[in-house]
Each structure stands twice: as C-alpha cells, then as structure tokens.
Amino acid sequence: MAIELLLEGKIVEDEKESFLEYLRHLAKHKYCKVNEFEDILQLVVCPEGYINCTFEDEYVTLTAQSEVAGPGFHAFVAKLYDEIVEECKIEFSLADTTNYYFDRNFKKLNEQFFYRWIEGIASLIEEKKNQQWCISWPLDAYRPLRKQNYIISAMGYFSFEDLKKDPKEIAPNFFIWNHLEKDASYYRNCAINLLWKECYFEYSKMNEASDNVAHQIIDLLELAYKMDPKLPLPVDIYNLLCDSVDCEKLLQDAENEVIKDIGYRRHDVIYNFGNWRIQAPGTCDVDVDETTGSLVLIAPYKSDDANWTWIMRASAYAFNQTITDFIDLFEEKDTKVLDTFEYQNSDVKIKGNVSKYDGYYAIEAQCNHDSETILISISICDLSLKDMAIQMIQDIYFEELK
C-alpha cells in the first residue's frame with residue numbers, strides 16, 4: 001500500500017562521493033536536514049517526509065514514501081527529482097506509484113491515491129479489528145500504548161469509526177502536508193506531529209533534546225499563526241511549553257484548538273530493548289550506556305537541580321541454551337534484603353529482591369525467556385515507590401523482532 005517515488009540511475013564508483021556532496025548542497029538550499037548512516041544518506045524534508053539515497057553495485061537509488069507525510073510532500077519530491085535529473089549527468093529512470101510525476105495532476109493525486117489510502121486502511125481494520133494498528137510506525141521507535149478501537153498514527157489516535165468517514169474530511173488532520181504550498185495548515189500539522197510523538201510538555205527543559213522539540217513546536221505554531229491568524233491552534237499547549245522553556249507568549253489572540261489527550265509521551269509507552277519490551281513513562285530521560293550497552297531510564301524531571309526519584313538500568317543477554325537459573329544479584333555485604341518476589345508473566349519468569357543500600361533502595365530482578373534474560377535494577381529514593389517499581393518489572397514482556 002506504499003505511495004512511493006523512486007529515482008534510479010547508473011553511477012560509476014568515482015562519482016558516488018560527488019553525487020552525495022551534490023545532495024548535501026541541494027538539501028541545504030531546500031532547507032532540508034541531512035542524516036548520514038552507514039549506507040544511507042537521508043534528506044529530511046518535513047516530519048515523516050524522508051528521501052533515502054542508497055547505493056547497490058553500480059546503481060544509485062533515491063526513494064521517498066509519502067503516505068504519511070502527504071500529497072504535498074509527494075509533489076515536492078517530484079519537483080526535487082526534476083532538479084536532480086536536470087542537473088546531474090546520470091541517466092535516471094523513475095517510478096511513481098501514483099503517476100503524478102508524469103501528469104502533475106494534484107487533484108487526482110489526492111482523490112485516487114491519498115484518499116483511497118485512508119479507505120484502504122479502514123478496509124483492513126474492518127477485516128482485522130483485534131490487531132494493534134501502528135500506521136507506518138518505525139520498528140525501532142518507542143511504541144504508544146494500545147487504545148481499543150483506535151489506530152496509532154503520526155498525527156495521533158484515530159478511531160475506527162472516524163476512518164469510516166469521507167476521507168476528504170479526515171485527510172487534513174491525517175496527513176501533514178496537504179497542499180502544494182507550505183501554508184499555515186502545514187506548519188500547524190508539523191507542530192501537531194511533534195506534540196503527539198516527541199513532546200515532553202512540562203518536562204521540556206529536562207535535556208537539550210526535549211528543549212529543542214519544545215522550541216520547534218513553539219516556532220511552528222507562531223509561524224502558522226502569522227500566516228493565518230484565524231486558524232485554530234492548540235494555544236493551551238503552546239502556553240504550557242512557553243512556561244516550561246521560558247519563552248514569551250505571542251499567540252494572545254489565536255483561537256484555541258482543544259485536542260483531547262494529545263501527546264503519546266504524556267502516558268506510559270513501550271520502550272524496545274532487543275527482544276524485550278519495557279513499559280515506562282514516555283517522558284523518561286532515556287540513555288544507552290556506551291560501555292555496557294545497558295538501557296537507562298530516568299524518571300522525568302523539570303530541571304537539572306530537581307531531586308531524583310527513580311532510575312532504571314536494564315542489561316540483556318542471549319545464550320545458546322534455555323535459561324532456568326537465577327543469578328545471585330545481591331552479593332554486596334552492605335546490602336540488606338527487605339523482601340523477595342517471583343512472578344510468571346505469560347512466558348517470562350521473574351524473580352527479584354527489594355534491598356536497602358546506603359542512602360537509597362533498589363528493586364533488582366532477573367527476567368528469563370527461553371535462552372534470553374534481562375537484568376533490571378531500579379533505584380528509588382523512597383520506599384513508597386516500591387510498588388510502582390515492581391509493577392514496571394511485572395509489565396516487562398518478550399516479543400521477538402520479525
């Protein structure tokens with residue numbers, strides 16, 4: 001069901017670096033961010049709108065999937081491909097699942113492809129209502145909690161009933177870029193996308209990343225208001241973010257748009273750690289220890305000088321045989337074991353202790369599934385957090401990546 005634009009050409013080895021440098025220059029000219037991975041150069045055109053450049057043998061391929069970013073992104077990519085074809089000496093071939101590149105019929109692009117894409121999602125859901133639906137959600141990203149009879153999308157939860165409506169009515173809030181130009185609704189939707197997926201709300205000043213997201217959202221909403229002062233915007237959330245990161249409030253006369261329960265991170269989410277799934281607040285400060293590979297989750301905090309409440313450290317291991325034993329986690333002499341617990345969570349067996357250390361408490365556990373195990377240590381500042389920490393361990397489950 002992908003809506004895709006693909007540009008492919010034959011390239012000699014000596015020209016690869018110069019072509020990549022050309023793309024970097026083009027991205028800068030078009031105000032696109034560039035991400036460089038081991039074998040991919042990625043142009044970030046807009047939220048959910050990416051152009052990936054890859055090489056295989058003697059071919060270079062640029063690929064853009066537009067079913068989440070929307071028809072405006074698809075049209076932008078078509079124009080960008082025009083420039084690449086014209087300016088590069090490579091002989092390219094092009095494939096467009098919508099044929100828009102060849103007919104440039106934007107009305108047809110919307111009605112026959114993007115609206116029908118929504119209808120296709122609605123039809124699939126009707127066939128498999130009990131399945132969890134994450135629409136075009138990255139496999140390596142955190143996962144919002146499932147909400148019965150709703151899909152998870154880049155623009156928030158959509159009910160199964162909403163998706164049965166006229167797709168023309170749904171599209172403006174479902175896709176990010178709906179028109180040929182970047183109008184006020186585009187900047188509003190970019191902000192809504194970030195609010196749903198990446199915003200830390202009252203914890204926005206927690207670290208540099210959360211602070212940057214808040215400032216991006218504030219800038220996008222102010223730009224949307226400047227382009228169309230009558231466009232309803234989530235002013236209440238805007239004001240909260242301004243308070244959180246100490247920004248002047250400029251949307252004094254904007255009409256407030258109430259978006260119920262906006263923000264996946266305002267609730268618990270599922271963090272992926274290998275084949276293990278850990279449920280914890282979406283506003284956690286997340287880190288991976290570069291030395292040990294351990295996952296570290298820190299309870300959300302509003303400023304650097306805030307007192308800590310809990311910290312989780314998880315280390316995962318895989319063996320060549322089924323794990324039945326539990327290691328002794330508590331060998332330190334200054335450890336006082338206050339309680340022990342055991343649980344069977346589906347096919348995961350859990351065993352752990354509650355211990356007192358010098359100045360803090362810790363809930364430490366081992367979770368076994370077949371030949372894989374995960375060791376969890378949750379340090380808590382106060383024993384009143386014990387039940388919360390044990391529940392976090394109980395909620396851990398195993399799900400093999402496919």
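A cavity is a set of grid points where a 1.4 Å probe fits but cannot get out, and its lining residues have an atom within 4 Å of a point. In this predicted model, Ala122, Ile125, Glu126, Phe160, Leu163 and Lys164 line the second largest cavity. The count comes to two cavities of 30 Å³ or more. The structure also holds 20 salt bridges.

**Cavities**

- The largest cavity has a volume of about 40 Å³.
- Its lining consists of Glu67, Val68, Trp117, Ile135, Ser153, Ala154, Met155 and Phe174.
- By class, the lining of the largest cavity has six nonpolar residues, one polar and one charged.
- For the second largest cavity, the volume is about 40 Å³.
- The lining of the second largest cavity divides into four nonpolar, no polar and two charged residues.

**Salt bridge Glu48–Lys197**

- The side chains of Glu48 and Lys197 form a salt bridge at 2.9 Å, N to O.
- Glu48 sits in the loop between strand E3 (41-46) and strand E4 (49-56), while Lys197 belongs to helix H6 (residues 184-197), so the pair ties together parts that are 149 residues apart in sequence.
- Both Glu48 and Lys197 are buried.

**Salt bridge Glu399–Arg143**

- Glu399 and Arg143 meet through their side chains in a salt bridge of 2.8 Å, N to O.
- This pair links distant parts of the chain, 256 residues apart. Glu399 is in the segment after strand E19 (397-398), and Arg143 is in strand E7 (residues 143-144).
- Glu399 counts as partly exposed because its relative accessibility is 29%.
- Arg143 has a relative accessible area of 19% and is buried. The cut-off for buried is under 20%.

**Salt bridge Glu13–Lys16**

- A salt bridge joins the side chains of Glu13 and Lys16 at 3.0 Å, N to O.
- Glu13 counts as exposed, with 57% relative accessibility. The cut-off for exposed is over 50%.
- Lys16 counts as buried, with 14% relative accessibility.

**Salt-bridge network**

- Glu17, Glu21, Arg24 and Glu36 are linked in a network of salt bridges.
- Side chains of opposite charge can pair when their charged atoms come close.

Definitions and conventions:
Residues numbered from 1 in each chain as written. Predicted model: local features only at pLDDT ≥ 70, side-chain atom pairs only at ≥ 80, totals over all residues. Heavy atoms only, no water. Salt bridge = Lys/Arg side-chain N within 4 Å of Asp/Glu carboxyl O. Buried < 20%, exposed > 50% of the residue type's maximum accessible area, 1.4 Å probe, protein only. Helix = DSSP H or I, 4+ residues; strand = E, 2+ residues; numbered from the N terminus. 1 Å grid on protein atoms, 1.4 Å probe; cavity = no way out; pocket = protein on both sides within 12 Å on 5 of 7 lines; lining within 4 Å. Points joined across faces, edges and corners; volume = space filled by probe spheres on them. Nonpolar A, V, L, I, M, F, W, Y, C, P; charged D, E, K, R; others polar.
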